[in-house]
Amino acid sequence: MILAIDMGNTNIVIGAIDNEKTYFVERVTTNHGKTDLEYAVNIKSILEIHDIPLSLIDGAIVSSVVPPLNATILSSVKKIFGFKPLLVGSGMRTGLNILMDNPKTVGSDMIVDAVAAIRDYPCPIIIIDMGTATTMSVVDSSGNYIGGVILPGLKVSLDSLSGKTAQLPYISLDIPGSVIGKNTIDCMRSGIMYGNAAMIDGIIDRMEKELGAIPSVVATGGLSQFIIPLCRHHISYEDDLLLKGLLILYNKNRQAS
């Protein structure tokens, strides 16, 4: 069993996974002010909550889109287990052919998601990851990572709407009962929720046309579970897709650690 950690701009996803199953997926708030000891306490507490002894963790791997926190998280894991985790980055063996203008600029989370999706879904594939930003990555019929789109995330859009308009309140992300809202809050919910669903559906349509094929579509990320049920396309939801990708990369690269 390994500890898999993905550092995002809003949340840090922490999970325990092996070749048989995912034991848990938890999220803690990304906080640049925390020390390595404070993150170590968070990680150790999560393992204790799920009754997983430290002795069962054989290794660890980290992906990150928050480079200033890399050293802190790596140090926190070493404080707990005594070993340094692998860090997804340039030079790591991924088995993924990245056909981009500058492959090194592709976010590590997008690469990890694609690695997992290729193993479990037929190509071509569209991978949707809804976090602070919404990303839609594309793998072609030959298994090459060929690009995608990056969109403002659900909460970024909502915070912008509420923060820049004097009369619109901050709201929860409950699924509205109908598209046509009857009050301000329902109108906002409908616009945000159905608007994001329609945006995803529309981009999938355009990607299908460019690919010349009907792709598999898989979604992950904490906010996907709210939006995917509203989409018209068939989209598989996997909360632990990124953890599965991290396990694959750990197995490919652990000899180098």
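**In which strand is Ile12 found?** Welcome to a set of close-ups of a predicted model, where local features need pLDDT of at least 70, side-chain atom pairs count only at pLDDT 80 or more, and totals for chains, interfaces and linings use all residues. Residues are numbered from 1 along each chain as its sequence is written, and side-chain values use heavy atoms, with hydrogens and water left out.

View 1. Ile12 is found in strand 2; helices (H or I, at least four residues) and strands (E, at least two) are DSSP runs, numbered from the N terminus. With a relative accessibility of 2%, Ile12 counts as buried. Here buried means under 20% relative accessible area, exposed over 50%, and partly exposed in between, using a 1.4 Å probe and protein chains only. Leaving aside neighbours within four places in sequence, the residues in contact with Ile12 are Ile5, Asp6, Met7, Glu26, Arg27, Val28, Thr30, Tyr39 and Ile73. Contact means heavy atoms within 4.5 Å. As a distance reference, Ile12 and Asn102 are 90 residues apart in sequence and 26 Å apart in space, C-alpha to C-alpha.

**View 2. Ala16, also in strand 2.** Ala16 is buried, with a relative accessible area of 0%. Once its neighbours within four places in sequence are set aside, Ala16 is in contact with Met1, Ile2, Lys21, Thr22, Tyr23, Phe24 and Ile52. From C-alpha to C-alpha, Ala16 and Ile5 are 8.8 Å apart in space and 11 residues apart in sequence.

**View 3. The largest nonpolar core.** This core has 32 residues, and those with the most contacts inside it are Ile61, Ile127 and Leu246. At least two core residues each come from strand 1 (2–7), strand 2 (11–17), helix 3 (108–120), strand 7 (125–130) and helix 7 (241–253). Helix 7 gives the largest share, 8 residues. A nonpolar core is a set of buried Ala, Val, Leu, Ile, Met, Phe, Trp, Tyr and Cys residues joined through side-chain atoms within 4.5 Å. In soluble globular proteins, nonpolar side chains tend to be buried together.

**View 4. Around Leu246.** Which residues is Leu246 in contact with, leaving aside its neighbours within four places in sequence? They are Ile2, Ala4, Ile5, Ile61, Ser63, Val88 and Val112. Two of the names, Leu246 and Ile61, are also among the residues with the most contacts inside the core.

**View 5. Ser64 in strand 4.** Ser64 is buried, its relative accessible area being 14%. Beyond neighbours within four places in sequence, Ser64 is in contact with Met7, Asn70 and Ser108.

**View 6. Val66 in the loop between strand 4 and helix 2 (70–81).** Val66 and Leu247 are 181 residues apart in sequence and 20 Å apart in space, C-alpha to C-alpha.

View 7. Asp51 lies in the loop between helix 1 (36–49) and strand 4 (59–64). Its phi is near 55°, a positive value in a residue other than glycine, and Asp51 is exposed, with a relative accessible area of 69%. Pro124 sits in the loop between helix 3 and strand 7, and the peptide bond from Cys123 to Pro124 is cis, with omega near 0°. Most residues other than glycine have a negative phi, and most peptide bonds are trans.

**View 8. Zooming out to the chain.** The chain has 7 helices and 11 strands. Its radius of gyration is 19 Å, close to the 18 Å that the globule rule gives for 257 residues, so the chain is as compact as a globular protein of that length. The radius is taken over C-alpha atoms, and the rule is 2.2 Å times the number of residues to the power 0.38. Along its principal axes the C-alpha trace spans about 55 × 45 × 35 Å. Of the 257 residues, 50% count as buried. Among contacts between residues at least 6 apart in sequence, 58% join residues at least 24 apart.
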